[in-house]
Amino acid sequence: QVQLVESGGGLVQPGGSLRLSCAASGTIFSIYVMGWYRQAPGKQRELVATISSRDSTNYADSVKGRFTIARDNAKNTVYLQMNSLKPEDTAVYYCYAYLGRVDYWGQGTQVTVSS
């Protein structure tokens, strides 16, 4: 079994920054893709960003130019640097990992952007 644990969420003012981290632990042979999804109250879960084992990245249009995803394969950890945060970024952010036929999700971490 694999577990994903997120950290770094919290309350920040508009224009501020946060960095989320997600560490995968357990029996891991290979993680093909890691990423972040988010879900705001009353909204569907949406993709934020993903990164492959070969560092190919994908971003939602709403976060391009503001968020940066990175991973440390040796540590099985993915990061999300969030800059110029907006109130509409407020959501629960979930870490995601695809291990080939198997998907894993973290518990989620709350990000609140408010004055």
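**Surface, fold and disulfide**

Reply: The accessible surface of the protein chain amounts to about 6,500 Å², and carbon and sulfur atoms contribute 45% of it. Please note that this is a predicted model.

Me: What share of the 115 residues is buried?

Reply: Buried residues account for 39% of the 115 in the protein chain.

Me: And how many helices and strands are there?

Reply: The protein chain contains zero helices and 11 strands.

Me: What radius of gyration does the chain have, and what would a compact globule have?

Reply: The protein chain has a radius of gyration of 13 Å, which agrees with the value near 13 Å for a compact globule of 115 residues. The C-alpha trace spans about 45 × 25 × 25 Å along its principal axes.

Me: What share of the contacts comes from residues 24 or more positions apart?

Reply: Among contacts with a separation of 6 or more in the protein chain, 52% are between residues 24 or more positions apart.

Me: Turning to the sheet of four strands, what is the strand order?

Reply: The order is S1-S3-S8-S7, in an open sheet with antiparallel pairing. Strand S1 (2–7) and strand S7 (67–72) are the edge strands, each pairing on one side only. On average, neighbouring strands of this sheet are turned by 15° against each other, direction ignored.

Me: How many bridges are there between S1 and S3?

Reply: S1 pairs with strand S3 (residues 18–26) over six bridges, in the antiparallel sense. One of the residues involved is Val5, whose bridge partner in S3 is Ala23.

Me: Which residues of S1 are on the covered face, and which are on the uncovered one?

Reply: Val2, Leu4 and Glu6 form the covered face of S1, whereas Gln3, Val5 and Ser7 form the uncovered one.

Me: Back to Ala23: what does it touch beyond its neighbours within four places in sequence?

Reply: Ala23 is in contact with Gln3, Leu4, Val5, Asn76 and Thr77, once those neighbours are left aside. Ala23 itself lies in strand S3.

Me: Why does Ala23 count as partly exposed?

Reply: Its relative accessibility is 35%. Partly exposed covers the range between the buried limit, under 20%, and the exposed limit, over 50%, so Ala23 falls into that class.

Me: How far is Ala23 from Ser56, in sequence and in space?

Reply: Ala23 and Ser56 are 33 residues apart in sequence, and their C-alpha atoms are 19 Å apart in space.

Me: A change of topic: which cysteines does the disulfide join?

Reply: Cys22 is joined to Cys95, with an S to S distance of 2.0 Å. The pair links distant parts of the chain, with Cys22 in strand S3 and Cys95 in strand S9 (residues 91–98), 73 residues apart. The count comes to one disulfide.

Me: Are Cys22 and Cys95 buried or exposed? And why is the disulfide left-handed?

Reply: Cys22 and Cys95 are both buried. The disulfide is left-handed because the torsion about the S-S bond of Cys22 and Cys95 is about -85°.

Note on methods
Residues are numbered from 1 along each chain as its sequence is written. This is a predicted model: local features need pLDDT of at least 70, side-chain atom pairs count only at pLDDT 80 or more; totals for chains, interfaces and linings use all residues. Side-chain values use heavy atoms; hydrogens and water are left out. Two strands pair if DSSP finds at least two bridges between them. Helices (H or I, at least four residues) and strands (E, at least two) are DSSP runs, numbered from the N terminus. Axes are lines fitted to C-alpha atoms, for helices over the stretch in contact, and angles run from 0 to 180 degrees between N-to-C directions. The radius of gyration is taken over C-alpha atoms; the globule rule is 2.2 Å times the number of residues to the power 0.38. Buried means under 20% relative accessible area, exposed over 50%, partly exposed in between (1.4 Å probe, protein chains only). Contact means heavy atoms within 4.5 Å. Accessible areas come from the Shrake-Rupley method with a 1.4 Å probe; for residues, only the protein chains shown count as cover. A disulfide is a pair of cysteine sulfur atoms within 2.5 Å.
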